[in-house]
Amino acid sequence: MATNIVWNSRQNKFETEDKEAYLVYELRNGGKVIDILHTFVPPSKRGLGLASHLCVSAFDHAQSHSLSVIPSCSYVSDTFLPRNPSWNHLVYKADAKSNM
């Protein structure tokens, strides 16, 4: 199943073209860090890998824009990253002086 994910910068989302599945984020630290807050896939579309596609789009975006990622969403931190450790290099690492 080919899924097109669209970046909706006005609403801070990555979403499927039908807008039913989405990932919500906030920019932090002067726009240098993307905090992934929530992913949602409706019950009728679960099990198709949409959440993973949304995450890949967000991480691709972060990488191409030199952003770090805060995985606040439990799906991202507990499922996506353990299954896709190649993205771990983008995870934000706060230094001792950071006050985010």
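User: How many bridges join S1 to S2, and do the strands run parallel or antiparallel?

Analyst: This is a predicted model. In it, S1 and S2 run antiparallel, and four bridges join them. One place to look is Ile-5, which stands opposite Thr-16 in S2.

User: What happens between S1 and S2 in the hairpin?

Analyst: Start with the general idea. Most residues other than glycine have a negative phi. Now the case here. The hairpin has four residues between the strands, and Asn-12 takes a positive phi near 55°. Asn-12 sits in the loop between strand S1 (5-8) and strand S2 (13-16). Its relative accessible area is 27%, so Asn-12 counts as partly exposed.

User: Which residue has a positive phi in the hairpin of S2 and S3?

Analyst: That residue is Lys-19, with a phi near 65°. Five residues lie between the strands in this hairpin. S2 and S3 pair in the antiparallel sense, over three bridges. To find the pairing on screen, pick Phe-14: its bridge partner in S3 is Leu-23.

User: Where is Asn-29, and what is its phi?

Analyst: Asn-29 is in the loop between S3 and S4. Its phi is near 55°, a positive value in a residue other than glycine. With a relative accessible area of 42%, Asn-29 is partly exposed.

User: How do I read the two faces of S2? Are they covered or open?

Analyst: Again, the general idea comes before the case. In a regular strand the side chains alternate between the two faces of the sheet. In S2, Lys-13 and Glu-15 are on one side, while Phe-14 and Thr-16 are on the other. These four residues are all buried, and both faces of S2 are covered.

User: What does Lys-13 lie over?

Analyst: Lys-13 lies over the face of Tyr-22, at 4.5 Å from the ring centre.

User: How many aromatic pairs does the structure hold, and how is such a pair described?

Analyst: The structure holds five aromatic pairs. A pair of aromatic rings is described by the distance of the centres and the angle of the planes. Take Tyr-22 and Phe-40. Their ring centres are 5.4 Å apart and their planes are at 35°, so the pair is tilted.

User: Which strands hold Tyr-22 and Phe-40?

Analyst: Tyr-22 is in strand S3 (residues 22-28), and Phe-40 is in strand S4 (residues 33-40). The two are 18 residues apart, and their pair links distant parts of the chain. Tyr-22 is partly exposed, at 21% relative accessibility. Phe-40 is also partly exposed, with a relative accessible area of 27%.

User: What class of pair do Phe-59 and Trp-87 form, and are they buried or exposed?

Analyst: Their centres are 5.6 Å apart and their planes are at 55°, so this pair is tilted. Phe-59 lies in helix H1 (residues 50-64), and Trp-87 in the segment after helix H2 (74-83), so the pair ties together parts 28 residues apart in sequence. Both Phe-59 and Trp-87 are buried.

User: Which residues do ring pairs link into a cluster?

Analyst: The cluster is made of Trp-7, Phe-14 and Tyr-25.

User: How do I read the sides of a helix such as H2? Which residues are buried?

Analyst: An α-helix has 3.6 residues a turn, so residues three or four places apart point the same way. In H2, the buried residues are Val-76, Phe-80 and Leu-81. They cover an arc of only 90° around the axis, which puts them on the same side of H2. On the other side, Asp-78, Pro-82 and Arg-83 are exposed.

User: What do the buried residues of H2 pack against?

Analyst: They pack against S4 and H1. Now turn to a residue of strand S4, Thr-39. Its relative accessibility is 13%, so Thr-39 counts as buried. Leaving aside neighbours within four places in sequence, Thr-39 is in contact with Tyr-22, Leu-23, Cys-55, Cys-73, Tyr-75 and Val-76.

User: Which residues does the UniProt annotation cover?

Analyst: The UniProt record, an unreviewed entry, gives "domain: N-acetyltransferase" for residues 3-92. Over residues 3-92 the chain is 28% helix and 29% strand. The end C-alpha atoms are 28 Å apart.

Key. Residues numbered from 1 in each chain as written. Predicted model: local features only at pLDDT ≥ 70, side-chain atom pairs only at ≥ 80, totals over all residues. Heavy atoms only, no water. Phe/Tyr/Trp six-rings, centres within 6.5 Å; stacked < 30°, edge-to-face > 60°. Buried < 20%, exposed > 50% of the residue type's maximum accessible area, 1.4 Å probe, protein only. Lys NZ or Arg CZ within 6 Å of the ring centre and 35° of its normal. UniProt positions renumbered as here; feature names shortened; annotations may be inferred. Pairing = 2+ DSSP bridges. Arc of directions from axis to C-beta. Contact = heavy atoms within 4.5 Å.
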